[in-house]
Amino acid sequence: MTIGFWLSVFIIFQVVHFLGTWKLYAKAGRKTWEAAVPVYNAVVLMKIINRPTWWVILLFIPVINLIMFPVLWVETLRSFGKNTTKDTLLGVATLGLYVFTINYNNNSTYVVDRNIEPTTPAGETISSLLFAVVVATIVHNYVIQPYTIPTSSLEKSLLVGDFLFVSKFHYGARTPMTPVSFPMVHDTIPLLKKKSYAADFQLPYFRFPALQKIERNDIVVFNWPTDTVRFFGDKNSVGIRKPIDKKSNYVKRCVGIPGDTLSIKNGDIYIDSKKLKTANRQKNQKLYTIKANNTDIQDLINTYKLKEVRGLFVIDAKIWDDPILKDFLNKNNLNLSISEVDRNDTKVIIDGGITPEIFNQLRLTYSDQYINVNATEELITEIKKDSRVIAVKNKFNPKTTDIFPHSQYWSVDDLGPIYIPQAGKTVALNSETLPFYKAIISDYEKNDLQVIGNEIKINGKTVQSYTFKQDYYWMMGDNRHNSEDSRYWGFVPADHIVGKPVFIWLSIDSDAKGLDKIRWERLFTTVGGDGEPVSYFKYFLILVAAWYGYSYFRNKKKAEN
């Protein structure tokens with residue numbers, strides 16, 4: 001929706017407000033014309049209903065204003081003697097139009113110096129809840145937002161089960177672009193599993209000034225650019241585009257900033273032909289194949305606490321077609337795949353979903369066993385020294401068109417060079433470059449793009465180049481072979497940036513039991529910074545204890561007095 005549309009909506013609101021309140025302004029001792037002046041009329045209204053002037057600011061904050069409008073309708077009614085539950089319900093149910101009845105009713109009288117304190121327990125509870133929701137929504141949208149790490153794409157740097165605080169102001173708080181939405185939830189209303197917003201109403205993109213720019217190796221939370229509706233319990237909704245601020249939240253590491261030319265060679269990232277240095281706490285993981293004696297595989301997994309392990313078993317090709325094995329896989333819903341087949345087709349390597357115990361149970365044999373595992377270079381160096389290990393080698397993924405821009409035979413370990421767009425910069429457009437920037441031109445920057453033969457048209461004009469309207473970023477997970485990131489769907493637009501993770505306040509290990517489920521060493525640690533993370537949890541406990549002690553003695557002294 002354009003600025004012109006929202007300006008029209010604003011004018012309509014002002015006209016409705018004037019028609020519904022101009023007599024009330026006069027009854028309250030104000031001038032009639034004051035009800036017609038935008039913004040100023042809100043300032044005067046706050047004086048009439050005996051509320052602080054700063055409430056006017058809340059009327060212009062998206063989402064918050066949806067809470068404030070009903071409050072003002074009810075407060076206006078009560079300022080003119082309409083205090084009953086019926087009046088309150090009518091004021092809210094009619095979207096404030098009930099105010100018109102008292103505006104044109106000569107019997108209504110302005111209550112001077114009205115008591116604004118709640119007169120019933122229910123009223124006090126509702127008032128407190130509204131205040132809490134308003135404050136929490138402001139903090140959530142503009143200051144800091146809680147976030148949970150759901151996947152292992154940043155494993156070792158951030159862990160599955162980490163609960164983060166994400167700063168909105170470091171990169172500049174983005175105002176909500178979907179103003180009609182349920183406060184403090186994302187795209188789905190909890191329990192109801194229903195859409196939490198009205199997509200038909202969209203505000204223009206706006207971001208407050210930032211404290212800092214996004215730098216290479218920063219961990220960033222952003223809205224997943226290619227996200228479509230896959231929830232709400234409606235299978236038919238798949239493929240419907242969400243508003244930008246309602247797309248799923250992703251967290252990755254920014255490895256390429258606007259203006260960079262990025263390449264990946266053997267799993268290593270290069271920026272402008274120079275290898276990208278890792279951040280201080282960054283722990284990249286690559287995919288390795290480890291071979292050991294069959295009896296030692298599980299011991300190795302336990303010793304080094306290896307996760308995301310996939311077993312590889314070398315078996316005779318005839319066993320792969322064994323009906324006993326097929327029947328067992330079907331009954332247990334196991335979906336194995338052939339990883340490799342040797343040239344004379346006498347042996348196959350299968351992976352996933354099966355263990356040596358299952359082979360023994362089925363009385364089937366395998367001649368060798370490997371494991372594929374995601375691990376850091378430091379851990380692999382340690383594993384190579386283990387006497388039980390026969391061989392360790394990097395495993396690189398094959399080239400495919402599944403990798404962005406889907407017109408090249410690249411892999412997650414070898415791709416590029418790719419130019420990362422920068423606002424104001426111009427690139428040549430042709431059949432080779434268009435796949436890189438097609439989504440930017442048509443989806444992210446809302447142009448009409450047509451390709452007719454070798455001719456490229458943007459908004460009806462034949463072009464040979466394109467100038468970008470905003471900055472873009474390249475985001476990747478540290479867990480290189482278990483991360484759905486820019487290598488699959490491309491660039492992250494600047495208007496999709498949500499914020500910067502700054503603090504881990506809780507960390508839960510779902511595989512542990514009891515109190516061991518809490519990773520105590522990660523509580524109250526910072527996400528960035530130099531050196532190993534340090535927990536500030538004990539200092540937090542000291543502050544809480546000091547506060548309770550202070551409160552106890554203060555209340556005791558009050559009681560004595």
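Select threonine 261 and tyrosine 419: the tyrosine, in strand 16, is the bridge partner of the threonine. The model is a predicted one. Now widen the selection to strand 7 (residues 261-265) and strand 16 (residues 415-419), which pair in the antiparallel sense over three bridges.

Leucine 262 faces isoleucine 271 of strand 8 across the pairing. Strand 7 and strand 8 form a hairpin, and two residues lie between them. Stop at asparagine 266 in the turn, where phi is positive, at about 50°.

**Strand 22**

Go to residues 472-476, which make up strand 22. Is this strand mostly covered or mostly uncovered? It is mostly covered, with five of its five residues buried. In a regular strand, side chains alternate between the two faces of the sheet. Show the side chains here: Tyr472, Trp474 and Met476 point one way, while Tyr473 and Met475 point the other way, and all are buried.

Which strands pair with strand 22? Strand 23 (residues 492-493) runs antiparallel to strand 22 and is joined to it by two bridges. For this pairing, select tyrosine 473 and valine 492, which stand opposite each other.

Select strands 18, 19 and 20 together. They form an open sheet in the order 18-19-20, with antiparallel pairing. Strand 18 (449-452) and strand 20 (461-462) are the edge strands, each pairing on one side only. Strand 19 (residues 455-458) pairs with strand 20 over two bridges. One place to look is lysine 457, whose bridge partner in strand 20 is threonine 462.

**Helix 1 and helix 2**

Two packed helices are described by the angle between their axes and the distance between the axes. Select helix 1 (residues 3-27) and helix 2 (residues 40-48): their axes come within 12 Å and cross at roughly 40°. The crossing of helix 1 past helix 2 is left-handed. To see the contact, show Gln14, His17 and Tyr25 on helix 1, and Asn41, Val44, Leu45 and Ile48 on helix 2. By class, this contact of helix 1 with helix 2 has four nonpolar, three polar and no charged residues.

**Helix 4 and helix 5**

At what angle do they pack? The angle is about 140°, and the axes are 9 Å apart. Helix 4 and helix 5 are therefore oblique to each other. Helix 4 passes helix 5 in a right-handed crossing. Helix 4 brings Pro70, Trp73, Val74, Leu77 and Arg78 to the contact, and helix 5 brings Asp87, Thr88, Gly91 and Val92. Colour the residues of this contact of helix 4 with helix 5 by class, and they divide into five nonpolar, two polar and two charged.

Methods
Residues are numbered from 1 along each chain as its sequence is written. This is a predicted model: local features need pLDDT of at least 70, side-chain atom pairs count only at pLDDT 80 or more; totals for chains, interfaces and linings use all residues. Side-chain values use heavy atoms; hydrogens and water are left out. Axes are lines fitted to C-alpha atoms, for helices over the stretch in contact, and angles run from 0 to 180 degrees between N-to-C directions. Helices (H or I, at least four residues) and strands (E, at least two) are DSSP runs, numbered from the N terminus. Angles under 35 degrees count as roughly parallel, over 145 as roughly antiparallel, 65 to 115 as roughly perpendicular and the rest as oblique. A crossing is left-handed if the near helix is turned anticlockwise from the far one by less than a right angle, and right-handed if clockwise. Contact means heavy atoms within 4.5 Å. Ala, Val, Leu, Ile, Met, Phe, Trp, Tyr, Cys and Pro count as nonpolar, Asp, Glu, Lys and Arg as charged, and the others, Gly among them, as polar. Buried means under 20% relative accessible area, exposed over 50%, partly exposed in between (1.4 Å probe, protein chains only). Two strands pair if DSSP finds at least two bridges between them.
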